[in-house]
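Notebook open, model loaded. I'll jot down what I look up as I go.

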Amino acid sequence: MVVKHETKTMTGNDAASYAALYAKPEVIAAYPITPQTTIVENLSRYVDEGKLDAEFIIVESEHSALAACMGAAWSGVRTFTATSSQGLLYMAENVFWTGYGRLPIIMPVVNRCLAPGWNIWPDFQDSMAFRDAGWIQMYTKNNQEVFDTTLQAFKISESKDIALPSMPCLDGFIISHTSGQVQLPTPEDAYEFIGPYSDPIIEIDVDNPWAFGAMTGPEQYSKNRKDLIVAMERAKKKIVSVHKEFEERFGRSYGNGLVEPYGDDVADLTIVSLGTIGDETHEAVDRLNEEGLNVNALRVRTFRPFPEEDIVEFAKENHKLLVIDRSASFGHAGQLGIEVEAVLKRNKVDTPVIGIIRGLGGEDVPYTKIMDDAKESLKG
Amino acid sequence: MSNEKNTAERIRLDLMIEVIQISRGGSGGVTGAKILAEAAMYEGLDAQAIPKYGSERRGAAVEAYLRFDTKPIRVHSPVYYPQHALVLDASLLDRIDVDKVDKDGVIIINSNEVPESLKGSGRTIALVDASRISRELGLILSGFTLVNMTMLGAFVKGTEIVSLDNLLKAIENYWGEKRAPKNMEAAKRAYEETKVVIA
């Protein structure tokens, strides 16, 4: 299929705003926080200029922002917000309520570390704190992927067989405020790809009143959570199929949508990472290969649901994994490293895993540093 | 990050070109970098403009970085070993480690004359009195002389990474019909007045 594209120079936050604009959400409620602010500034401007026919609800906090989105989502309309860091923490109660309530709200999280010390730079501690909240989480490597992933998120989350919220994650500043080139489809093509949100699993209907959030006994409660586990499992297939449909229509892809392998199929060392470190790793892999070192890479694009099968398949064929985390579970290790080790163990794959933590609070992780870490890992 | 090839050769060899910019908060440096990235896009290049955020405020030194490549850019770090340096305020020159700037690169400075610290260095310097040009055109906001568009004209003259036409197109696109003419005029005048000298 041949589609019309226009390439523009824009920041990663602009790319997220364009995806939201093209998806035509009916309700947006948001509260500004660095480095997310420009996403909702753009959207409020689109609404003001009449480019976007949405209800833009101005609220006094992030907690209220998500609460307003929840109400809107319950009424069966497409809903969008965005946040970062302390703002995401302030939303916490409603983040879990949204996930466990199966409300398909799309909320880019512009990753920024958590205080103290006061710091506006990126790491993944904020979104990782919500890995168990029942949200789909996809980590992006550049501005283009922010647009593509945010657009795909609407189609994935709003499917009736999924009904889960999505958190496209983008590294604060490194993506959010850096200008780069983004290929945009026409608004019509983009909207046609995701279609209207026409079949919600829950819809407030004043002619047919229901109680929401009522007391739920253990039997029903555990059934609901088990449904959520199953929906997450289904979401894996949905992410792959939506990603494939996107590729056929727009000609861009990121591995299979769950993981993005890079380099040779088999290597002495595989570098596994998330976000822009994954992009920087591609540069490191090429340079290591030029030096005669046998290294490849696997970027985990989808962290929730966790792509167990893909990681296991890749690890099985390879000799050693170096997992780079940009966050920590204090008292244990980096979250990605922990989970990679867990799925290998569960599947009886004995490929050794080395876990390291890099880039906290915006600490720079240049490809030279990744090359050094890879060389060190090859030795041991 | 290698420093051994000049701009034309780097583009021919598909090598990345990296630039450091230093300006004062309020003078439009971040906007300028973004417009330059867009101009490079019109040139058919992949380009990145990275503003360095932190405790930036009016009058403080603000760094930004640019990358240009014929291939998609996969590097996201700040620029440590630039080919060129763009200095929007000559008094901030000492904030840049000139030794890390490619010796065959160009240092573009908002000044009439080669700064004392670079005299006899053998470095290629592009000089223009951007502050005067901007003042003459009335490009002043809240007491700050906006030298960003003016210095882009000098950058284009000094480095030839993008053409003047593509720069003007990017400026026009950013500022729109009403505000573009003055900004385009600033870039054009700087382009004409920039002198490239060996210090």
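Helices here are DSSP runs of H or I with at least four residues, strands are DSSP runs of E with at least two, and both are numbered from the N terminus. Ground rules before I start: this is a predicted model, where local features need pLDDT of at least 70, side-chain atom pairs count only at pLDDT 80 or more, and totals for chains, interfaces and linings use all residues. Residues are numbered from 1 along each chain as its sequence is written, while chains are lettered from A and ligands numbered from 1 in the order in which they are written.

**Entry 1: cis peptides**

I looked up Pro35(A), which sits in the loop between strand S2 (27-30) and helix H2 (37-48) of chain A. The bond joining Thr34(A) to Pro35(A) is cis, with omega about 0°. I also noted a cis bond between Pro116(A) and Gly117(A), with omega about -10°. Gly117(A) is in the loop between strand S5 (109-111) and H6 of chain A.

**Entry 2: positive phi**

Lys24(A) has phi near 55°, positive although the residue is not glycine. I found Lys24(A) in the loop between helix H1 (12-23) and S2 of chain A. Phe173(A) also has a positive phi without being glycine, near 65°. Its place is the loop between S7 and strand S8 (179-185) of chain A.

For burial I count other C-beta atoms, placed from the backbone, within 10 Å of the residue's own: 20 or more is buried, 12 or fewer is exposed, and in between is partly exposed. Lys24(A) has 18, so I log Lys24(A) as partly exposed. Phe173(A) has 26 and is therefore buried.

**Entry 3: helix pairs in chain A**

Axes are lines fitted to C-alpha atoms, for helices over the stretch in contact, and angles run from 0 to 180 degrees between N-to-C directions. Angles under 35 degrees count as roughly parallel, over 145 as roughly antiparallel, 65 to 115 as roughly perpendicular, and the rest as oblique. A crossing is right-handed if the near helix is turned clockwise from the far one by less than a right angle, and left-handed if anticlockwise.

At what angle do H1(A) and helix H7 (residues 143-157) of chain A pack? The angle is about 30°, with the axes 8 Å apart. H1(A) is therefore roughly parallel to H7(A). The crossing is right-handed. For contacts I take residues whose C-beta atoms, placed from the backbone, lie within 7 Å. H1(A) brings residues including Ala15(A), Ala19(A) and Tyr22(A), and among those they meet in H7(A) are Val146(A), Phe147(A) and Leu151(A).

My classes: Ala, Val, Leu, Ile, Met, Phe, Trp, Tyr, Cys and Pro are nonpolar, Asp, Glu, Lys and Arg are charged, and the others, Gly among them, are polar. The contact of H1(A) with H7(A) has 11 nonpolar, 3 polar and no charged residues.

Next, H7(A) against H9(A): the axes come within 10 Å and cross at roughly 125°. H7(A) is therefore oblique to H9(A). This crossing is right-handed. Asp148(A), Gln152(A), Lys155(A) and Ile156(A) make the contact from H7(A), with His243(A) and Phe246(A) among the partners in H9(A). By class I get 5 nonpolar, 2 polar and 3 charged.

**Entry 4: domains of chain A**

An automatic or database domain assignment supplies the bounds. Domain 1 covers 5-250 and domain 2 covers 259-379 of chain A. Their C-alpha centres lie 27 Å apart. I find 26 residues of domain 1 in contact with 19 of domain 2. On the domain 1 side, helix H6 (125-128), strand S6 (136-139), strand S7 (166-171) and helix H9 (218-250) give two or more residues. H9(A) has the largest share, 5 residues. That side divides into 15 nonpolar, 5 polar and 6 charged.

**Entry 5: chain B**

H2(B) passes H5(B) in a right-handed crossing. Of the residues in this contact, 7 are nonpolar, 2 polar and 2 charged.

Definitions and conventions: Two residues are in contact if their C-beta atoms, placed from the backbone, lie within 7 Å.
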